[in-house]
Amino acid sequence: MKNLINHGIQYGLSEDLIQEINLNGKQIEIKKNENILNVGEHSKYIYIVIKGGFVSQYFDDNKSNFRTTAFHIDNYHPFMTQPESYFSKEPSDTQIKAFKNSEVIAFHRNTIERLSSKHKAFDKFCNTHIIEALIFINQIKSKLIGLPKDKLYSYLLEKHNPITKNVPSKYIAEFMGVTPQWLSKIKRTS
């Protein structure tokens, strides 16, 4: 919670507004390997990771398996939703899964909209985070497509160290499109 308050203050939110935001959210505990969003559900919430971490995993119908596409940790990209489902109001093709026992604050879409219309600072805060998320997604996607796997891992180590320090290797390997054994080999040579 302290991280959330400090984060909000960094973005110019008053402590009173942060308390109001917190009062309008619902604190939820999620056990390791539980999903906060399942494939086929509609994403109606934006979550802030207070403790723990999550992976977003796309379900590939053709291969009948999941592939990790994003990471959300309490100290690294703590805001999460399934954007396509949230904004288009379509069923999700992605699950969001806790990779360790975690806590989030959940904000329903209606709450976000109400707070945004009531508080210009909160609206700006939300828009800033959407833009930052889009920039991050574009950067990481470019690296995922353009870099050889060993260089991609080096990039993650250098630029996105919280991923390599906190996320289990099997999800990093899945994200990179390699086997856990291949990732282990890459780690030994990095």
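Q: Which helix does leucine 157 lie in?
A: In this predicted model, leucine 157 is part of helix 6.

Q: How far is leucine 157 from isoleucine 131 in space?
A: The two are 24 Å apart, C-alpha to C-alpha, with a separation of 26 residues in sequence.

Q: Back to helix 6, then: at what angle do helix 6 and helix 9 pack?
A: Helix 6, residues 149-159, and helix 9, residues 180-189, pack at an angle of about 70 degrees, and their axes are 10 Å apart. The two helices are therefore roughly perpendicular to each other, and their crossing is right-handed.

Q: Which residues meet there?
A: From helix 6, Lys149, Asp150 and Tyr153 meet Trp182, Leu183, Ile186 and Lys187 of helix 9. Sorted by class, this contact has four nonpolar and three charged residues, with no polar ones.

Q: Changing topic, how do strand 4 and strand 5 run, parallel or antiparallel?
A: Strand 4, residues 53-60, and strand 5, residues 65-73, run antiparallel and are joined by eight bridges; within this pairing, tyrosine 58 stands opposite arginine 67 of strand 5.

Q: Which residue takes a positive phi in that hairpin?
A: That is serine 64, with a phi near 55 degrees, in a hairpin that has four residues between strand 4 and strand 5.

Note on methods. Residues are numbered from 1 along each chain as its sequence is written. This is a predicted model: local features need pLDDT of at least 70, side-chain atom pairs count only at pLDDT 80 or more; totals for chains, interfaces and linings use all residues. Side-chain values use heavy atoms; hydrogens and water are left out. Two strands pair if DSSP finds at least two bridges between them. Axes are lines fitted to C-alpha atoms, for helices over the stretch in contact, and angles run from 0 to 180 degrees between N-to-C directions. Angles under 35 degrees count as roughly parallel, over 145 as roughly antiparallel, 65 to 115 as roughly perpendicular and the rest as oblique. A crossing is left-handed if the near helix is turned anticlockwise from the far one by less than a right angle, and right-handed if clockwise. Contact means heavy atoms within 4.5 Å. Ala, Val, Leu, Ile, Met, Phe, Trp, Tyr, Cys and Pro count as nonpolar, Asp, Glu, Lys and Arg as charged, and the others, Gly among them, as polar.
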